[in-house]
Each structure stands twice: as structure tokens, then as C-alpha cells.
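Subject: Structure handover

Hello,

Here is the structure I promised you. Please open it first, then read my notes below.

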Amino acid sequence: MIFRIVAAILAFLSLAAPAAAQAVKEGELSLREVLQSSATHAPQILEAMARQRQADARALSAEGQFDLVFNAEAMARPLGYYNGSTAEVSAYRPLQNNGGQVYGGYRKSFGDFASYEGKSITNELGEIKAGMLFSLLRDRVIDERRGRRELAGADIELAELDRDLVAIGVQRRAIEAYQLWVAAGMRVRIYREIYDLAKERQASIERQIELGARPSILGTENQQNIVRRQALLVRAEQDLELQANALSLFLRDGLGQPVVPSAERLPPRLRDSVTPRLVDQSAAIAARPDLQSLLTRIEQAGIRARLAENDLKPRLDVRVEASKDIGAGSPVRTPTEGMVGLRFSVPLEQRAAKGRIAEVAAEQDALSLRLRLLEEQIGVEIANLRTQVKGAEKLAGLATAEAALARKMAEAERRRFSLGASDFLVVNLREESLADATVREIDANYRHAASQAELVAALADREQLGL
């Protein structure tokens, strides 16, 4: 008996589990679900993230210019009177805050050398040395290595801002696709409603014709009305299917494959899923990724200007080096040796550096003018979108009121028609007016929701965009 009860419970669970999974699968589709799916799987966002990884890799390559470098060198003399040979290993590392470097090495000589090659000879255990090269003028504040590193760091910022800009655009299009899909579903509902009303009325009219209460032509007229409303319904269903296909570009499964939402997942109405926040105009402009990207480009131009100005300076480097021979050998080489040296050079005409300075200065002027224009454009865009949101909200309210009145008129006219106090033409006009007013209400609500989404995207509100 117990085994039978357990088997029955397992059978019930096996039947209920698919139904529950289907219920979850076919639940009402929310905008948040679409935005989360889009932010995770949209190919455009993934592509921008890949470009960001490229920028990170370039920055790592730029850091590689400061890596420790190891050198090894050997010289042998298999032929000739002297058989002297040398072996040397050395390493150097560029300085992080100067154009110079620190270095060190070890050298060992073997065999006999000519008297004029005395510098090649070491004591028995070889020679060790260490030193540092330090730039005093050119390359002191910035040099090619540090300039490339700073430019690579700015490239990372540009890639991050480009990713944000792409993500905001993708999420904005995802919101638009979702809103169009919901609006298309609402149009299908209203056209199906008036189509079903006409079909129900046909049965009543046919009974009245059989009883002689209505002329037969009335049935034909209503059949014509049914066909016309059916055509409207078919077009609306086709549009719903097209919008569902468009939404699948943003709604994806766990593997990133597009998912076409079914009509059963349509919400009952178009909700205001994103609402613009009240923020300061200047703060909203400063938060825009395109503006931040332009500021970063201006920063890069400043780095190139510093590099060009660095090339104008004369080169004055100081070198400090110490060396010591180890082991038995000449007493001349045994004491520790210290050396200080200077190197000075300057291009006399400096046309290359002056040309680069003029080029970068012109680029900075152009970017500054572009920045000013972009700030003005963003300000106008946000102000216009705020105006559109307010106007669309008022129009949506009026459209809703009109649709409510049209529904009351249509319901009242249908009651009068059922009582024989109204004409078929009038009740048909009332229902079509209801359909037109409801479609206008749907369109007005869509424009209001779309304008809100546009403003949220213009304000770069990442939280509401699901980023």
C-alpha cells in the first residue's frame, strides 16, 4: 500500500513539474528580464568588452617597456697570435620616473691580450660593475616610454567609455523593441475584441432575420464588417510577430541564442518601466560617456604635447658607474673604480619638434571646440527630451480619457441595439471609434514610454538601463 502511495506521488510530481516549468517559462515577460538578458548576451556589448580587453593588453605591452632586460655576450679568438677571449653578462631596467636606467653586469676574460687591449683584461675572478644613467633635461619629466604608458592608460579609459556608450545604445534599443512588442500585442487585443463582437452580433442578426425582425441585407453588411475587422486583426497579428522577432535580438537564453517571446508572455498593458530622475543638468552632461571620451582624447593630446615639448629640450645625461675586479691579478685593476660622466646634445634647428608642437596645438584647439559643441548639443537634447516627456504625458492622459469615453459610448450603443432602439450603422461606428480611440491611446502611451526611455538613455542612467 505504501509503495502504491509513493508511486502515485512520484507520478503526480512528474506530471506537475513540466507544467510548473511551462508556467515559469511562459510567465509575463518584464522589461527588466529583457534588459538583463541584453546586458549579458548582446553581441555588440560583448564586442565592446573584447575591445576593452585589447586596450588592457596594449597597456600591458606599454608596461613591458620597463621590464628588466638581460644580455649575454661572448667573444673568442680561434686564430691569431693572441688567444684572448671574453664573456659578459649584464642587465638593465629603465627608471619609472626618469628617462634613464640602472644597470649592472659581470665580465670575465680568458687568455692573452695585446697591450692595447688592456681594457678587456680582468682579474682572475672577473669584474663586476653597476651604474645608473639619469636624464637632467630631455626625458627627465616625460619620455617616449612613459608617454606610451600614459597613452595606453587613456586608451583603456576610452575603451571603457566606448563599452558604456555601446551598452547604453543597446539597452535603449532593447527598451524600444520591448515597448513596440507590448504595443503591438495591445493592438491585437483591441482588434480581436471588435472582431469577436462582430462575430457574436452575426449570430444574433441571423436569428432576427429568421424571425423577420431584420432585413437579410443586414447580415451581409455585418459579414462585410467581420471581414474588414478580421483583416485589421491579421495585420495586427503580423506586426506582433515581426516585433517579437525583433525583440529576440535582445532576449536570449543562457547560451546567448535569440528567444522569440510568445504572445502568452505579453503583459496586460505598457508600463512605465523606466522613469527619468531629477538630476542637475551639468551633472547629467558630465556623466555622458561620449563627453568623457572627448575629455580623455583631449588628455591624450596633452600627453602628445608634452612629448613634443620634451623633444625641444637639449639632452643632458649624467652617468655614475662603479666597478671592481675580483681575485688575483694586476694591482692596477684591484681597487674599486668610480666614474662620473656627462653627455650633452641638442638639435640646432628643431624643426621636427616644432612641427609636432604646432600639430598637437591645432588638435587641442579642434578638440576643445568639439567639446564645447558637444556640451551644448547634450544640453539641448536633454531639455528637448524633458519637454517631450511632459507633452507625451499630457497627450497620453487625454488619449486615455478619450478611449474611456469611447468605450462607454460603444457599450451604451450596443445595449440600445440589443433592445432595438439603435441602428446597426451607429453601433458599428461606435465600435470602430472605440478601436480608433484605443489605438490612439496605445500609441500615445508608447510615445510617452519611449520618450522616457530616450531621456533615461540621454541621462546615462546605468542603473535603470540594467547596466
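E431 is buried, with a relative accessible area of 0%. Buried here means under 20% relative accessible area, exposed over 50%, and partly exposed in between (1.4 Å probe, protein chains only). E431 sits in helix α9. Leaving aside neighbours within four places in sequence, E431 is in contact with I194, L197, R201, R229, A410 and R414. Contact means heavy atoms within 4.5 Å.

A word on the source. This is a predicted model: local features need pLDDT of at least 70, side-chain atom pairs count only at pLDDT 80 or more, and totals for chains, interfaces and linings use all residues. Residues are numbered from 1 along each chain as its sequence is written, and side-chain values use heavy atoms, with hydrogens and water left out.

How confident is the predictor? The mean pLDDT of the protein chain is 85, and 92% of its residues reach 70 or more. pLDDT is the predictor's confidence in each residue, from 0 to 100. Take care with residues 1-25, where pLDDT stays under 50. The model has one contact beyond four places in sequence for that stretch. Where pLDDT is low, the predicted coordinates should not be read in detail.

Next, helix α2, residues 31-41. Its buried residues are L31, V34, L35, S37, S38 and H41. Seen down the axis of α2, they fall within an arc of 165°, so they line one face of the helix. The arc is that of the directions from the helix axis to the C-beta atoms. Helices (H or I, at least four residues) and strands (E, at least two) are DSSP runs, numbered from the N terminus.

Now the pockets. On a 1 Å grid over the protein atoms alone, a pocket is an open set of points where a 1.4 Å probe fits, with protein on both sides within 12 Å along at least five of seven lines; lining residues have an atom within 4 Å of a point. A volume is the space filled by probe spheres set on the points.

The largest pocket has a volume of about 290 Å³. Its lining has 19 residues, with R107, E127, E321, S323 and E337 nearest the centre. Strand β5 gives the largest share, five residues. By class, the lining has five nonpolar, four polar and ten charged residues.

The second largest pocket has a volume of about 190 Å³. Eleven residues line this pocket. Helix α9 gives the most, with six residues.

Best wishes

Conventions: Ala, Val, Leu, Ile, Met, Phe, Trp, Tyr, Cys and Pro count as nonpolar, Asp, Glu, Lys and Arg as charged, and the others, Gly among them, as polar.
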